[in-house]
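Please read the following points with the coordinates open beside you.

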Amino acid sequence: MKVDDGKEGQDSIVKVQDLLIRGDREHAIEEAISIGDFATALLVASMCDPDTYKRVARKYAESKFRSDSPMYTPTMLFSGKIRRSQVG
């Protein structure tokens with residue numbers, strides 16, 4: 001899913017901002033993910049607990065990279081899904 005460049009994408013970003021103003025980080029993250037805006041989702045998740053950040057990083061990796069992609073492994077390391085000791 002890509003970030004929508006049209007009105008719907010702008011509306012979603014406004015919704016993310018409104019959710020953040022109200023202190024609802026979890027729903028702001030989910031809204032950003034729903035439009036494919038993983039940069040915003042990861043930024044907000046970095047202000048949450050480590051498990052939230054790892055969950056968003058994992059969703060990003062799974063939605064953007066095939067498991068044989070060179071980018072998949074480092075992204076999954078950030079997500080905590082795999083440990084450094086598991087990487088050859």
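This is a predicted model: local features need pLDDT of at least 70, side-chain atom pairs count only at pLDDT 80 or more; totals for chains, interfaces and linings use all residues.

1. A search of the whole structure finds two aromatic pairs, a pair being rings of Phe, Tyr and Trp (its six-membered ring) whose centres lie within 6.5 Å, with planes under 30 degrees apart counted as stacked, over 60 as edge-to-face and the rest as tilted. Tyr 60 and Phe 65 form an edge-to-face pair, at 5.6 Å centre to centre and with 90° between the planes. Ring pairs link Phe 38, Tyr 60 and Phe 65 into a cluster.

2. Residues are numbered from 1 along each chain as its sequence is written, and side-chain values use heavy atoms, with hydrogens and water left out.

3. The structure holds five salt bridges, each defined as a side-chain nitrogen of Lys or Arg within 4 Å of a carboxyl oxygen of Asp or Glu. In one of them the side chains of Arg 55 and Glu 26 meet at 3.0 Å, N to O; because Arg 55 lies in helix H4 and Glu 26 in helix H2, the pair ties together parts that are 29 residues apart in sequence. Helices are DSSP runs (H or I, at least four residues), numbered from the N terminus.

4. Glu 30 forms a salt bridge with Lys 59, the closest N and O atoms being 3.4 Å apart. Here too the partners lie in helix H2 (Glu 30) and helix H4 (Lys 59), so the pair ties together parts that are 29 residues apart in sequence. Glu 30 is partly exposed, with a relative accessible area of 30%, and Lys 59 counts as partly exposed at 30% relative accessibility. Salt bridges that share partners join Glu 26, Glu 30, Arg 55 and Lys 59 into one network.

5. Asp 68 is placed in the loop between H4 and H5, where its side chain meets that of Arg 66 in a salt bridge of 2.8 Å, N to O. Both Asp 68 and Arg 66 are exposed, Asp 68 having a relative accessible area of 54%.

6. Which side chain of opposite charge is nearest to Asp 37? It is Lys 64, 9.0 Å away, and Asp 37 is buried yet has no salt bridge; Lys and Arg count as positive and Asp and Glu as negative, His and the chain ends not being counted. Asp 37 sits in the loop between helix H2 (25-34) and helix H3 (38-45). Its side chain makes a polar contact, at 2.8 Å, with the side chain of Thr 40, the criterion being a pair of N or O atoms within 3.5 Å, of which, within protein, one must be able to donate a hydrogen and the other to accept it, and residues adjacent in sequence count only if both atoms are side-chain atoms.

7. In helix H5 (residues 72-79) the buried residues are Tyr 72, Thr 75, Met 76 and Ser 79. They are on the same side of H5 because they cover an arc of only 100° around the axis, taken from the directions from the helix axis to the C-beta atoms. The buried residues of H5 pack against helix H4 (50-64), contact meaning heavy atoms within 4.5 Å. H5 is followed by Gly 80, whose phi is positive, near 80°.

Terms used
Helices (H or I, at least four residues) and strands (E, at least two) are DSSP runs, numbered from the N terminus. Buried means under 20% relative accessible area, exposed over 50%, partly exposed in between (1.4 Å probe, protein chains only).
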